[in-house]
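Hi,

Here is the structure I promised to pass on.

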Amino acid sequence: MYDMRFPFRWQRLAGYFSAGPTLGRLVACQREFDGVGGEMDYARSCRDRDYRKLEFALTLGGGLELEVSDRVGITTGVQYHWGGRDIEVNPGTRMLNRALALRGGLTYGFR
């Protein structure tokens, strides 16, 4: 992924933008089913043969980093994941992944 950082006028605050292709691998999944005849909804695991194992996608994101002290910082960010490959194996159906990730955290530098 391409990562571009840009400083602001205040030297302790910086922003970044990231974009690029990504590759994902199916680890596990779970499907939700509606009950029949007034029964409760339930979930069951997906079979491996229902979905492709690899997915190609484009990810765009950005965020802010604030340096609180020489070693401690605060970071926030957002990433949008746009899956470009149909992950459904069965013909006649189309399923694409879309995801929005909000991130935040503390950073500590070891020097």
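The residues lining the largest pocket split into 5 nonpolar, 5 polar and 6 charged. Keep in mind that this is a predicted model.

The space in that largest pocket comes to about 190 Å³. There are 16 lining residues, and Leu66, Glu67, Val72, Gly73 and Thr107 are the closest to the centre. Three strands, S5, S6 and S7, each put at least two residues into the lining. S6 gives the largest share, with 4 residues.

Now for the sheet those strands belong to. It is an open sheet of 5 strands, in the order S1-S2-S5-S6-S7, and the pairing is antiparallel. Which strands stand at the edges? They are S1 (2-7) and S7 (98-108); each has a single partner strand, so one side of each is left without a neighbour in the sheet. On average, neighbouring strands here are turned by 15 degrees against each other, ignoring direction.

Going through the pairs:

- S1 and S2 are antiparallel, with 6 bridges between them, and a hairpin of 5 residues connects the two.
- S2 and S5 also run antiparallel, joined by 13 bridges; in this pair Tyr16 sits opposite Gly63 in S5.
- S5 (residues 54-67) and S6 (residues 72-83) are antiparallel too, with 11 bridges. Here Leu66 faces Ile74 in S6, and Leu66 is also one of the residues closest to the centre of the largest pocket.

One residue I looked at in more detail is Ser18, which is in strand S2 (residues 13-25). Is Ser18 buried or exposed? Its relative accessible area is 7%, and because the cut-off for buried is under 20%, Ser18 counts as buried. Leaving out residues up to four places away in sequence, Ser18 touches Met1, Tyr2, Asp3, Thr59, Leu60, Gly61 and Gln79.

Cheers

Notes:
Residues are numbered from 1 along each chain as its sequence is written. This is a predicted model: local features need pLDDT of at least 70, side-chain atom pairs count only at pLDDT 80 or more; totals for chains, interfaces and linings use all residues. Side-chain values use heavy atoms; hydrogens and water are left out. Buried means under 20% relative accessible area, exposed over 50%, partly exposed in between (1.4 Å probe, protein chains only). Contact means heavy atoms within 4.5 Å. Two strands pair if DSSP finds at least two bridges between them. Axes are lines fitted to C-alpha atoms, for helices over the stretch in contact, and angles run from 0 to 180 degrees between N-to-C directions. On a 1 Å grid over the protein atoms alone, a cavity is a set of points where a 1.4 Å probe fits but cannot get out, and a pocket is an open set with protein on both sides within 12 Å along at least five of seven lines; lining residues have an atom within 4 Å of a point. Grid points are joined across faces, edges and corners, and a volume is the space filled by probe spheres set on the points. Ala, Val, Leu, Ile, Met, Phe, Trp, Tyr, Cys and Pro count as nonpolar, Asp, Glu, Lys and Arg as charged, and the others, Gly among them, as polar.
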